[in-house]
Amino acid sequence: MPDYAEVADGFTMPLADAMRTQRAVRRLRTDPVDDETLLAVLDLATKAPTGSNRQGWEFVVVRDPDIKHALARLNRQAFSIYRRWARGQARGDLKAARMLAAVQWQADHFEDAPVIVVACLHGRPGPISMGRAAFYGSIFPAVQNLLLAARAIGLGATLTTLPLWSRTQARRTLALPNDVTPCAVVPLGWPLRGGYGPTTRRPVEEIVHVDHYGNRSFLRSHGAGGATLETD
């Protein structure tokens, strides 16, 4: 597997290219990820904005087999419930079925990932929705930076919160203080197969609303005269 010197040039990838080809890469090799590569990705994660510039994040890098096994057990417990719902949703939908198969693979091999990064934040999300939004708004930009950095160098990664279904157990597993909240889990490793590539998304014109919901004034026909397709 490559070391940092072999992949460092990947960080020069144009941002738009990284965004257009970012995928959830769940099938990972067991080969190690060297410290220099890992720290470079995490360093870029910390360049993200954060509320009041508090930079209250902490990243727990898990390599210990016993701790990875404990996180894998939590992940499988949550996935066993999620799978029942997802199977119904995927029935007759080949694309959804493929995605579910990848999530199943990850659940079955969760502890085999060479590195599992748990993104944490000082404090606790409050009961008020505005406070909760502000709280998580200070960590998820850093998580997205981490994912984009991983994509740039071809390091497989995906964001999951399934292992955090019980923050109490997750906190105990990671020996986190009571005032540090685990927010996201990112298994990292070199892709087993496939990896990154172009993604399929709904046209942006279909999801952009101007001034109020339902006014999709950007939704235009690419046919003659650019006539609007909207009737409301």
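Biologist: What do the buried residues of α4 pack against?
Modeller: They pack against β1 (57–62), α5 (94–108), β2 (115–122) and α8 (167–174). Buried means under 20% relative accessible area, exposed over 50%, partly exposed in between (1.4 Å probe, protein chains only). Helices (H or I, at least four residues) and strands (E, at least two) are DSSP runs numbered from the N terminus. This is a predicted model, where local features need pLDDT of at least 70 and side-chain atom pairs count only at pLDDT 80 or more, while totals for chains, interfaces and linings use all residues. Residues are numbered from 1 along each chain as its sequence is written, and side-chain values use heavy atoms, with hydrogens and water left out.

Biologist: Which residues in α4 are buried?
Modeller: The buried residues of α4 are Lys68, Ala70, Leu71, Ala72, Leu74, Asn75, Ala78, Phe79, Ala86 and Ala90.

Biologist: Take Ala72. What does Ala72 touch?
Modeller: Phe110 and Glu111, if residues up to four places away in sequence are not counted. Contact here means heavy atoms within 4.5 Å. Ala72 has a relative accessible area of 0%, so it counts as buried.

Biologist: What does helix α4 span between its end C-alpha atoms?
Modeller: Helix α4 (residues 65–90) spans only 33 Å, whereas a straight helix of 26 residues would span 38 Å at 1.5 Å a residue. The expected span is 1.5 Å times one less than the number of residues.

Biologist: Where is the kink in α4 centred?
Modeller: On Tyr82, with an angle of about 35°. The bend at a residue is the angle between axes fitted to the seven residues ending there and the seven starting there.

Biologist: What is at the start of α4?
Modeller: A side-chain oxygen of Asp64 comes to within 2.9 Å of the backbone nitrogen of Asp66. Just after α4, Gly92 has a positive phi of about 80°.

Biologist: Changing topic. What order do the strands of the sheet have?
Modeller: The order is β1-β2-β4-β3, in an open sheet of four strands with antiparallel pairing. Two strands pair if DSSP finds at least two bridges between them. β1 and β3 (156–157) are at the edges with a single partner strand each, so one side of each has no neighbour in the sheet.

Biologist: How many bridges join β3 to β4?
Modeller: Two, linking β3 to the antiparallel strand β4 (residues 180–189). Ala157 stands opposite Leu188 in β4.

Biologist: Which helix packs on the sheet?
Modeller: Helix α7 (residues 140–152) does, touching β1, β2, β3 and β4, and its direction makes about 10° with that of β4. Axes are lines fitted to C-alpha atoms, for helices over the stretch in contact, and angles run from 0 to 180 degrees between N-to-C directions. α8 packs on the sheet too, touching β1, β2 and β4, at about 70° to the direction of β4.

Biologist: How many bridges are there between β1 and β2?
Modeller: Six, in the antiparallel sense. Val62 has Ile116 in β2 as its bridge partner. Eight bridges join β2 to β4, again antiparallel. There, His122 stands opposite Val180, and Val115 has Leu188 as its bridge partner in β4.

Biologist: Why is β2 largely enclosed?
Modeller: Because seven of its eight residues are buried. For β4, 10 of the 10 residues are buried, so that strand is also largely enclosed by the rest of the structure.

Biologist: Now the whole protein. How many helices and strands are there?
Modeller: Nine helices and four strands. From the N terminus on, the elements run α-α-α-β-α-α-β-α-α-β-α-β-α. Of the 232 residues, 40% count as buried. The C-alpha atoms fill a box of roughly 60 × 45 × 40 Å along the principal axes.

Biologist: What about contacts between residues at least 6 apart in sequence?
Modeller: Among those, 78% join residues at least 24 apart.

Key: Polar contact = N/O pair within 3.5 Å; in protein donor to acceptor, adjacent residues only side chain to side chain.
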